[in-house]
Amino acid sequence: STLVQGFGLLSLVLFAGVLLLPYLIILAVAIGRFWVARSWLGRWVLADVLRQLPHLRLAMMALLLTLVANIGVTSLVGSFRLALTDWLETRLSADLFVDANALNVSQLRDKTWVSAAHQRTVIDIEFSGRKAEIIGVSVTSPDFVATNIIDPMPNAYERWAQRNGDKELIFANEQVRYLAGIESGETITLQTTLGPRQFVVGGFFHDYGNVNFTFHMRRNLFDELFPNGSVQGWSIWVEPGRFKDAELDLVKMGLDSTDWVSQRDVLDLSMTIFDRTFAITRALNTLTLLIAAIAIFASLLAVYQFRRTEYALWRALGAQWPQFFWITGSPVLIMTVIVMVLALPLGIALSWLLIHKINVISFGWTMSVVVSPSTIRFTFGLIICVVLTAFALASFGQRSAVNASLRQLAGE
């Protein structure tokens, strides 16, 4: 699949929903007539739905696209935020991150507050025509365990953690799977300091935000094949309740406050950057909602203008103002409800396509689709308020306009 095909499918889904909307409204009116067969007011309201539909069709289509985009993009951002949070809490599970040159292993050996301490090593290579990095990971490191592996081979983690002869196991990020077309169990060749070596891909791991290919190799094997690898900083896990002791000890060792950072600070900074990055989506959702509200307001003004003589006849037949506004306003609400009913599955489908197609093709990583019921309820409630406001503004001053039209008819 390509991005063009992905966006093509996305467009087909959206336009299919837009074209289907008028027919769903007509079908809903046909079904509704059986429910209100004995109510003259109900029959009148449903008949007026069909009368207003030609004027409001485009506005309701705009509202549908607004809702679908709102649900789809909001679900995408919410899914990404949840996936990123879970991934960061695993990847940044260490309590402290210390600069590589600020500590050595002998300084940590006798510290009772240290639960675990590990360093990773890394080297840049090229794989499948793209930049890649190989990371040496300790087999006892708490931030990379068997549960982190996606679609692993049988006993993949245990086999990765020990020697396997000529073809060692290696784990790759999802980008390797989706952008390079490598599947679990396949053999790949990587260039090492000792020459080309073959590895079996034992499974994959999430690696959000990374644009490069990444491989996780057992640390002692990495040191054999890449003795010139760069050593990264220390990841230190602190015993429960000993965090202040850890910070005091680091100061006594001569470390500056800029030489380490806590897990909570890194997580907070990461999520702050994420929220700022996607703040634009809320602004765009508000803008599209405003455009849809203006379209509905303009369409209702056109309805009032086009049917003013007809509304004057209603008044001449004895229709009271509460009945008048009920009959003119109910069709708008009925069409809005149908729009919301159609927008929900379309919005979820849009989110699914964005996450499982567009996102995978573009970035090479996956995540679960998470739909927040509370967010959808809030969005639907907001839509109802916006539509009612548009109707109220459009109806303002219509009494005098209809009465003037009635006097004109009487004069004629």
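**Cores, a helix and a sheet**

Reader: Which residues does L64 touch?
Author: L64 touches G17, V18, L21, V339, L342, A343 and L346, leaving aside residues up to four places away in sequence. Contact here means heavy atoms within 4.5 Å.

Reader: What kind of model is this, and how are residues numbered?
Author: It is a predicted model, in which local features need pLDDT of at least 70 and side-chain atom pairs count only at pLDDT 80 or more, while totals for chains, interfaces and linings use all residues. Residues are numbered from 1 along each chain as its sequence is written, and side-chain values use heavy atoms, with hydrogens and water left out.

Reader: How many residues are in the largest nonpolar core?
Author: The largest nonpolar core has 51 residues, and L21, M60, L63 and L64 have the most contacts inside it. α1 (3–35), α2 (40–91), α9 (279–306), α10 (308–316), α11 (321–363) and α12 (373–395) each supply at least two of its residues. The largest share, 15 residues, comes from α11. A second, separate core of 22 residues includes I170, V176, F204 and F222.

Reader: What do these terms mean?
Author: A nonpolar core is a set of buried Ala, Val, Leu, Ile, Met, Phe, Trp, Tyr and Cys residues joined through side-chain atoms within 4.5 Å. Buried means under 20% relative accessible area, exposed over 50%, and partly exposed in between (1.4 Å probe, protein chains only). Helices (H or I, at least four residues) and strands (E, at least two) are DSSP runs, numbered from the N terminus.

Reader: Turning to α7, which residues are buried there?
Author: In α7 (residues 243–252), these are A246, D249 and L250. Viewed down the helix axis, the buried residues of α7 fall within an arc of 100°, so they line one face; the arc is taken from the directions from the axis to the C-beta atoms.

Reader: What is on the face turned away?
Author: That face of α7 carries the exposed residues K244, L248 and K252.

Reader: And what covers the buried side of α7?
Author: The cover includes β1 (96–98), β8 (230–238) and β9 (260–262).

Reader: In what order do the strands of the sheet run?
Author: The open sheet has 9 strands in the order β5-β6-β4-β7-β3-β2-β8-β1-β9, with mixed pairing. β5 (187–192) and β9 are the edge strands, each pairing on one side only. Two strands pair if DSSP finds at least two bridges between them.

Reader: How many bridges link β5 and β6?
Author: β5 and β6 (residues 195–205) pair in the antiparallel sense over 6 bridges. The bridge partner of I188 in β6 is F199.
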